[in-house]
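The exercises below are meant to be worked with the sequence and the structure side by side. Try each task before reading its solution.

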Amino acid sequence: MAERVGSDLKWGVRKRLEFIEFRLFWDGRLNRGDLAEVFGMSHQQASSDFGTYQKLAPDNLVYDNALKAYIRTSEFYPVLIGDNSDRYLLQVVAIHSGWMQKEDTWFDELPPVEVVTLGRKPLDTKNLLAVLDSIREHKKLQIDYRSMTGTPESWRWIVPHAMSFCAGRWYVRAWSEEHNDFRDYSLGRILETRGSTPASDNSALDYEWAQRINLIIGPNPQLSEDRQRAVEFEYNMINAEVLVPVRLSLSFYLMSEHNLDVQLGQLLPEKQQLVLKNRQDVEDARRLARQMSKEALKRGGA
């Protein structure tokens, strides 16, 4: 394996060089004052850091006397932070959604951005900590939960063992004492937690979680050829399909999010741009794994 660029640098120096690269990459320019202000250092030390960065990536920046700043070159390639556009865009969304402050990032200026989302109540930190503690310590946790399945009793005991995220929601994967099987609980529907006790770790019997399957996804054949090609390009498909490995327990959410569980023809093609080519195989595998878990739990107890 190739040695990581700058791996011999001290942590503080590397962070400052990453900042230089970040600003060059996304803003196209920065000067010594920018570096000195963010890290509370002298201009002399800032000059030294720029010199160190130029040794690592001499083709990435040049000094513009008119602008009195270093600018990004056309040959620029990030050697420290990686060419990761998602990291940039997720931080932009986080700032505009109020999840983090601009001062907590390395942004100088942000482009005009409007984030449109339905929004949900912020997750309760105490509830999240209780879930995380239960996962780490293998404990049974009592939760006050608002179920969508119509279960009348709100308080119930669960043994969490994992978490997942899909379609804007966080879920905790847990054994249910009430049903003696494994289920997903939306963190946003947990009103309160109380009392935890040691519990046996039976997560190995959660076959829906443990087993993975490839979703074979392609463009809706009812779309025009041009629109099918657009879908293929967006999802980086090869030969008009893409394989998405997913845990069986999470396949349900991905299918629901993209209408992959809807029979072809029931929606307009524009509303169902993707189709699941092996839908029956996925549903059969999920059903079988769930049944195997239930039988194993009955035999072994909880």
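**Exercise 1.** In the open sheet of 3 strands, determine the strand order and the sense of pairing, and then find which strands are the edge strands.

*Solution.* Bear in mind throughout that this is a predicted model.
- Step 1: Tracing the open sheet of 3 strands from one side to the other gives the order 1-3-2, and the pairing is antiparallel.
- Step 2: Strand 1 (29-30) and strand 2 (61-64) each pair on one side only, which identifies them as the edge strands.
- Step 3: Strand 2 is joined to strand 3 (residues 69-72) by 4 bridges in the antiparallel sense, and within this pairing Leu-61 has Arg-72 in strand 3 as its bridge partner.

**Exercise 2.** Work out how strand 6 is joined to strand 5 and to strand 7, and decide why strand 6 can be described as largely enclosed.

*Solution.*
- Step 1: Strand 5 (residues 155-166) and strand 6 run antiparallel and are joined by 8 bridges, with Ala-162 standing opposite Arg-173 of strand 6.
- Step 2: The hairpin of strand 5 and strand 6 has 2 residues between the strands, and Ala-167 in this hairpin takes a positive phi near 55 degrees.
- Step 3: Strand 6 also runs antiparallel to strand 7 (residues 181-186), to which 6 bridges join it; here Val-172 stands opposite Tyr-185 in strand 7.
- Step 4: In the hairpin of strand 6 and strand 7 there are 4 residues between the strands, and Asn-180 takes a positive phi near 55 degrees.
- Step 5: Of the 8 residues of strand 6 (residues 169-176), 6 are buried, so the strand is largely enclosed by the rest of the structure.

**Exercise 3.** Describe how helix 1 packs with helix 2, starting from the angle between them and ending with the classes of the residues in contact.

*Solution.*
- Step 1: Helix 1 (residues 11-27) packs with helix 2 (residues 32-39) at an angle of about 130 degrees, the axes being 11 Å apart, and helix 1 is therefore oblique to helix 2.
- Step 2: The crossing in which helix 1 passes helix 2 is right-handed.
- Step 3: From helix 1, Lys-15, Arg-16, Phe-19, Ile-20 and Arg-23 meet Asp-34, Leu-35, Val-38 and Phe-39 of helix 2; by class, this contact has 5 nonpolar, no polar and 4 charged residues.

**Exercise 4.** Carry out the corresponding analysis for helix 8 and helix 9.

*Solution.*
- Step 1: The axes of helix 8 (residues 248-257) and helix 9 (residues 279-300) cross at roughly 135 degrees and come within 9 Å, and the two helices are therefore oblique to each other.
- Step 2: Helix 8 passes helix 9 in a left-handed crossing.
- Step 3: Leu-248, Ser-251, Phe-252 and Met-255 in helix 8 meet a set of residues in helix 9 that includes Arg-279, Val-282 and Glu-283, and the contact divides into 6 nonpolar, 1 polar and 3 charged residues.

**Exercise 5.** Is Asn-236 buried or exposed, and in which loop does Asn-259 lie?

*Solution.*
- Step 1: Asn-236, in the loop between helix 7 (225-234) and strand 10 (242-247), has a positive phi near 55 degrees; with a relative accessible area of 64%, Asn-236 is exposed.
- Step 2: Asn-259 lies in the loop between helix 8 and strand 11 (274-276) and has a positive phi of about 60 degrees although it is not a glycine; at 24% relative accessibility, Asn-259 counts as partly exposed.

Technical notes:
Residues are numbered from 1 along each chain as its sequence is written. This is a predicted model: local features need pLDDT of at least 70, side-chain atom pairs count only at pLDDT 80 or more; totals for chains, interfaces and linings use all residues. Side-chain values use heavy atoms; hydrogens and water are left out. Buried means under 20% relative accessible area, exposed over 50%, partly exposed in between (1.4 Å probe, protein chains only). Two strands pair if DSSP finds at least two bridges between them. Axes are lines fitted to C-alpha atoms, for helices over the stretch in contact, and angles run from 0 to 180 degrees between N-to-C directions. Angles under 35 degrees count as roughly parallel, over 145 as roughly antiparallel, 65 to 115 as roughly perpendicular and the rest as oblique. A crossing is left-handed if the near helix is turned anticlockwise from the far one by less than a right angle, and right-handed if clockwise. Contact means heavy atoms within 4.5 Å. Ala, Val, Leu, Ile, Met, Phe, Trp, Tyr, Cys and Pro count as nonpolar, Asp, Glu, Lys and Arg as charged, and the others, Gly among them, as polar.
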